[in-house]
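Hi,

Here is the structure I promised to send over. Have a look at it first, and my notes follow below.

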Amino acid sequence: MHPRRLAVQSTPACHDDAAPSRRSMEETRILATRYAMLPEDILLLGPTGSGKGHLARYIHDASRCSGQFLSIAGGQLSESLWESQLFGHLAGAYTDAKSRVRGAFEQAAGGTLFLDEMHHWSPSVQCGLLYPL
């Protein structure tokens with residue numbers, strides 16, 4: 001079972017000093033509430049620091065998702081263990097795998113998996129995510 005909602009962002013930092021207006025923030029909240037009721041996955045784009053994580057959390061909280069909200073930041077994935085971190089592994093899958101470990105996709109099943117700052121991930125990690133996304 002995969003997460004019902006999948007929020008992903010991959011936009012590099014932008015140095016725009018324009019703050020959002022109260023009206024645009026209210027419009028965003030209304031749209032987010034509507035999208036939270038849809039069964040489709042959601043792609044959030046925007047510069048670093050623009051509040052995508054807050055918006056993803058809002059959408060999760062406004063949805064009917066029964067699972068948890070799980071956020072994985074770009075720097076949290078190890079280049080050598082990313083598959084295990086995202087997809088899990090069974091005991092004995094590799095030398096130090098002593099027990100079964102649930103990956104992020106399984107942990108977020110029925111909830112939200114927010115993959116943040118994907119542009120920091122190596123091309124091999126990004127390619128490895130093409131199929132599940």
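Predicted model: local features only at pLDDT ≥ 70, side-chain atom pairs only at ≥ 80, totals over all residues.

Before the helix packing, a word on terms: axes here are lines fitted to C-alpha atoms, for helices over the stretch in contact, and angles run from 0 to 180 degrees between N-to-C directions. Helices (H or I, at least four residues) and strands (E, at least two) are DSSP runs, numbered from the N terminus.

Residues are numbered from 1 along each chain as its sequence is written, and side-chain values use heavy atoms, with hydrogens and water left out.

Now the helices. The axes of helix 1 (residues 22–36) and helix 2 (residues 52–62) come within 8 Å and cross at roughly 50 degrees. Helix 1 and helix 2 are therefore oblique to each other (under 35 degrees would be roughly parallel, over 145 roughly antiparallel, 65 to 115 roughly perpendicular, and the rest is oblique). On the helix 1 side, the contact (heavy atoms within 4.5 Å) is made by Thr28, Arg29, Ala32, Thr33 and Ala36, and helix 2 brings Leu55, Tyr58, Ile59 and Ala62.

Stepping back, the protein chain has five helices and four strands, in the order β-α-β-α-β-α-α-β-α from the N terminus on. It has 133 residues, of which 35% count as buried (under 20% relative accessible area; exposed is over 50%, partly exposed in between, with a 1.4 Å probe and protein chains only). Among contacts in the protein chain between residues at least 6 apart in sequence, 72% join residues at least 24 apart.

Then there are the aromatics. Rings of Phe, Tyr and Trp (its six-membered ring) pair if their centres lie within 6.5 Å; planes under 30 degrees apart count as stacked, over 60 as edge-to-face and the rest as tilted. By this rule there are three aromatic pairs. One of them is Phe69 with Phe114, stacked at 6.4 Å centre to centre and 25 degrees between the planes. That pair links distant parts of the chain, with Phe69 in strand 3 (residues 69–73) and Phe114 in strand 4 (residues 112–116), 45 residues apart. Both Phe69 and Phe114 are buried.

Trp82 and Phe87 also pair, edge-to-face, at 6.3 Å centre to centre and 65 degrees between the planes. Trp82 is buried at 9% relative accessible area, whereas Phe87 is partly exposed at 36%. Ring pairs link Trp82, Phe87 and Phe105 into a cluster.

Cheers
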